[in-house]
Amino acid sequence: MTTVNGKHNILSLNIDMLKQVMLEYGEAAFRAKQIFGWLAKGTESFEAMGNIPSKLRSRLNEDYYIGLPELVRMQESKTDGTIKVLYEFEDGRRVESVFMKYSYGNSICISSQVGCRMGCTFCASTINGLERGLSRGEMLGEVLKMRNITGENINHIVIMGMGEPFDNYEEVSGFLRLINDKDGYNLSMRNITVSTCGLVPVIEQFGEDFPQVNLAVSLHAPNDDIRCETMPVARKYSHAELLKACRDYTEKTGRRISFEYSMINGVNDSDECAKELAAKLKGWLTHVNLIPLNEVKGKDYNASDKRRIANFKSILEASNIAVTVRRTLGSDIDAACGQLRNNS
Ligand code: SAH
């Protein structure tokens, strides 16, 4: 656990750990539930915890800090109301999070690592490599702070910001349990989506640990040759191994899997690619999400044009595969998929 001046981030503690702390302090166990409740509300200081005795508040203040990130910058899209924020944690590391409004409610896209070491060639988040993983409390802090900033309720979470969540699985799992706790934020597992570039062993583990959380897999290619060109992870886990893990996941959990497929002009968007993909996914419980590539400064890929995307989509549909084209939110503020970074 990271410490600042010898203090721990209290947001990383679950209710059992808080009970343990109360026991050590010689306080009643019910205080743990009260404190946990205050934290889930986004309370920014121990002083503000009205029903906690002042002696306990100052004791907490000696040993812990409430690790909500600092807001460094906020940008609001002029076209769709999307809000992107740049956060800074106690050690000066920065990540971005994005708030989006949908017809079904408000959603936040959070980061799971500072930087990323997966090296996908079309993605901005990986340009400077991995700095460190975020703790469970820091991820919770991204959500709580966003609610404080916007004053809006947040009822959907996607872990699709900077970083590879399955490269920081222990903390991501801890975060999922914290945000789901009925005495805390109480967010349903079904309202959470985790996206991975395809770390096969963790996909299996995730299916066992969190069968109710939605899984999205960044596929981006119909075969190994094309996938290896843009995604170094493809050299470690083959296309066939990845699809097998995904298929096992759908069979075991009964949950549909979502495949993300960024449409990159001249790389993975031909009719042949669509046919090859269709043949491999036909008859499964899946959904393909086509993402028109978002252009990233310093990378020379272009998005496929609308007609190409429409053709690709109709080839998949002809094989009865469910396909949607992702609406690009916040592109005027570089808040769209693959555009999040930490040095801006
Ligand atoms: N590391 C995880 C989480 C990132 S999610 C993963 O790879 O799934 C972000 C999604 O946007 C992923 O599907 C990613 O491949 C995709 N993406 C990255 N760069 C992009 C870009 N420039 N345009 C469109 N999508 C992009």
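Me: Where in the chain is Glu 164 placed?

Reply: Begin with the secondary structure on either side. In this predicted model, Glu 164 sits in the loop that joins strand E10 (156-159) to helix H5 (169-180).

Me: Does Glu 164 have a salt bridge or no salt bridge, and how far away is Arg 227?

Reply: A salt bridge needs a side-chain nitrogen of Lys or Arg within 4 Å of a carboxyl oxygen of Asp or Glu. Glu 164 is buried and has no salt bridge; Arg 227, the nearest side chain of opposite charge, is 8.5 Å away.

Me: Which backbone nitrogen lies 2.9 Å from a polar atom of the Glu 164 side chain?

Reply: That of Cys 197. Cys 197 is also among the residues that Glu 164 touches, a list including Ser 195, Thr 196 and Leu 199, with residues up to four places away in sequence left out. Ser 112, Gln 113, Cys 116 and Met 118 are on that list too.

Me: What does Thr 196 stand opposite in E12?

Reply: For a strand residue, look across to the paired strand. Thr 196 faces Val 217 in E12. Strand E11 (residues 192-196) and strand E12 (residues 214-218) are paired in the parallel sense, over four bridges.

Me: Which helix lies across E11 and E12?

Reply: Helix H6 (residues 200-209), running at about 170° to E12.

Me: How many strands form the open sheet, and in what order?

Reply: There are 10, with mixed pairing, in the order E4-E5-E6-E7-E10-E11-E12-E13-E14-E15. At the edges, strand E4 (70-76) and strand E15 (322-325) each pair on one side only. From one strand to the next, the twist averages 20°.

Note on methods
Residues are numbered from 1 along each chain as its sequence is written. This is a predicted model: local features need pLDDT of at least 70, side-chain atom pairs count only at pLDDT 80 or more; totals for chains, interfaces and linings use all residues. Side-chain values use heavy atoms; hydrogens and water are left out. Helices (H or I, at least four residues) and strands (E, at least two) are DSSP runs, numbered from the N terminus. Buried means under 20% relative accessible area, exposed over 50%, partly exposed in between (1.4 Å probe, protein chains only). Lys and Arg count as positive and Asp and Glu as negative; His and the chain ends are not counted. A polar contact is a pair of N or O atoms within 3.5 Å; within protein, one must be able to donate a hydrogen and the other to accept it, and residues adjacent in sequence count only if both atoms are side-chain atoms. Contact means heavy atoms within 4.5 Å. Two strands pair if DSSP finds at least two bridges between them. Axes are lines fitted to C-alpha atoms, for helices over the stretch in contact, and angles run from 0 to 180 degrees between N-to-C directions.
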